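Please keep the structure open beside the text.

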Amino acid sequence: MTRMQRPVHVVGVGMIPFTKPGASDPYTVMGARAAKLALDDAGVDYALVQQAYVGYVYGDSTAGQAAIYGVGLSGIPVFNLNNNCSTGSSALFLARQAVESGMVECAIALGFEQMQPGALKGAYDDRPSPMARFAEVMAEKQGYVPEAPRAAQFFGGAGRDYIAQHGIRRDTFGRISVKARQHAARNPLAVFRQTLTLDEVMASPLVFDPLTRFQCCPPTCGAAAAIVCSAEFAEKHGLDMRVVIAAQAMTTDTPSTFESRDMRKLVGYDMTAAAARQVYEDAGIGPEELDVVELHDCFTANELITYEALGLTPEGTAERFIVEGDNTYGGRVVTNPSGGLLSKGHPLGATGLAQCAELVWQLRGRAEQRQVEGARLALQHNLGLGGACVVTLYQSR
């Protein structure tokens with residue numbers, strides 16, 4: 001459990017426009033740009049930053065240094081992180097922890113990814129895959145389709161299990177993509193800003209039942225960053241202290257992941273629920289108090305099951321939550337105002353920090369056309385198979 005020992009403020013965020021593979025600058029340029037944007041947003045000179053936590057999934061050792069050196073050569077510790085799709089929020093977790101503990105007064109969390117086209121795949125074939133146990137459980141449960149992307153089989157399988165348990169319509173998943181595109185149309189930093197109808201989503205090629213192409217996040221290049229500091233540091237330097245990390249929790253897999261024979265749990269449902277419970281308990285709030293949420297919608301099926309894992313709606317009620325519009329503007333809680341991974345894009349190492357940036361903008365009232373009116377409490381959920389889940393609660397003061 002992570003109890004906040006002293007306030008940690010997010011005083012600056014930066015994010016560059018996300019792009020398709022092949023259309024981006026090199027990761028060194030992207031990473032340095034995002035870091036500089038966060039520093040400029042905070043009004044902090046890089047010389048005052050005491051540690052850097054840099055995340056990426058596809059890259060060589062010390063790529064974090066190669067990116068951060070584009071900002072300055074100050075000699076500070078630079079930590080390289082890889083926690084699959086939760087890498088960016090893992091960097092934020094460690095930066096926050098360093099400040100909260102009193103080890104440092106100011107730290108930067110940076111995430112970037114320079115991706116290649118096509119489905120995700122491992123980098124090595126001469127050693128055990130970290131995903132081998134997950135793949136074995138999946139194959140035992142539902143078989144394996146060599147021609148289908150493995151990630152889509154994991155999350156599509158979770159969607160199938162949800163359908164089997166609760167009897168929802170397949171196009172309910174498609175409605176999440178429609179919502180994502182509507183939100184992304186207001187986000188100039190998103191990859192896909194063209195809206196889609198439900199018919200268009202459902203008519204797109206089937207990737208793995210029940211997921212069609214427009215229900216799967218695209219490989220993306222991009223970078224994002226955040227500056228975190230103590231209250232004393234912020235006061236000394238006259239920084240914007242409006243956004244504080246009210247609670248944060250990180251979880252990994254437990255026996256239920258593999259023993260339940262439930263694909264929802266194999267892709268992190270229990271990790272998410274446990275992290276969310278910790279955060280709500282530490283902050284002394286309930287999910288009904290949230291105003292805005294950025295959650296890990298790598299596939300529509302994951303957004304749907306995550307609604308319930310986070311407690312946004314009771315178990316078995318996600319379809320009604322979606323159909324009645326409780327997941328968007330005018331409903332109970334606005335989910336993924338940025339467009340989410342489905343439409344904003346998913347550069348793996350940057351995603352968690354892009355979510356952070358969106359929520360900080362929301363809490364500052366600077367989200368422009370995406371602004372959630374009166375947003376005070378914002379929740380972030382970032383998930384990586386293999387596995388790790390980070391849930392963060394931000395509060396405006």
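On a 1 Å grid over the protein atoms alone, a pocket is an open set of points with protein on both sides within 12 Å along at least five of seven lines, where a 1.4 Å probe fits, and its lining residues have an atom within 4 Å of a point. The model is predicted, and local features need pLDDT of at least 70, side-chain atom pairs count only at pLDDT 80 or more, and totals for chains, interfaces and linings use all residues. Residues are numbered from 1 along each chain as its sequence is written, and side-chain values use heavy atoms, with hydrogens and water left out.

**A pocket**

The second largest pocket holds about 170 Å³ of space, a volume being the space filled by probe spheres set on grid points that are joined across faces, edges and corners. Its lining is made up of Val13, Asp41, Asn187, Pro188, Leu189, Trp361, Arg366, Ala367, Glu368 and Arg370. By class, this lining has 5 nonpolar, 1 polar and 4 charged residues. Here Ala, Val, Leu, Ile, Met, Phe, Trp, Tyr, Cys and Pro count as nonpolar, Asp, Glu, Lys and Arg as charged, and the others, Gly among them, as polar.

**Backbone geometry**

Helices (H or I, at least four residues) and strands (E, at least two) are DSSP runs, numbered from the N terminus.

| Residue or bond | Backbone feature |
|---|---|
| Asp209 and Pro210 | cis peptide bond, omega about 10 degrees |
| Gly386 and Gly387 | cis peptide bond, omega about 5 degrees |
| Arg261 | positive phi, near 55 degrees |

Pro210 sits in the loop between β5 (206–208) and β6 (211–212), while Gly387 belongs to the loop between β11 (377–384) and β12 (388–396).

Are Arg261 and Asn336 buried or exposed? Buried means under 20% relative accessible area, exposed over 50%, and partly exposed in between (1.4 Å probe, protein chains only). Arg261, in the loop between α9 (255–259) and α10 (263–266), is partly exposed because its relative accessibility is 46%. Asn336, in the loop between β10 (334–335) and α14 (340–343), has a relative accessibility of 1% and therefore counts as buried.

**Strand β12 and its partners**

Two strands pair if DSSP finds at least two bridges between them. β12 pairs with β8 (residues 243–251) in the antiparallel sense over 8 bridges, and Val243 has Ser396 of β12 as its bridge partner. β11 and β12 also run antiparallel, joined by 8 bridges, with Ala378 opposite Tyr394 in β12. In the hairpin of β11 and β12, 3 residues lie between the strands, and Gly386 has a positive phi near 125 degrees. Most of β12 is covered, with 8 of its 9 residues buried.

**Helix α3**

How far apart are the end C-alpha atoms of helix α3 (residues 87–100)? They are 20 Å apart, which agrees with the 20 Å that its 14 residues should span at 1.5 Å a residue; the expected span is 1.5 Å times one less than the number of residues. Because 12 of the 14 residues are buried, α3 is largely enclosed by the rest of the structure. Among the buried residues are Leu92, Phe93, Arg96 and Glu100. Gly102 follows α3 and has a positive phi, near 90 degrees.
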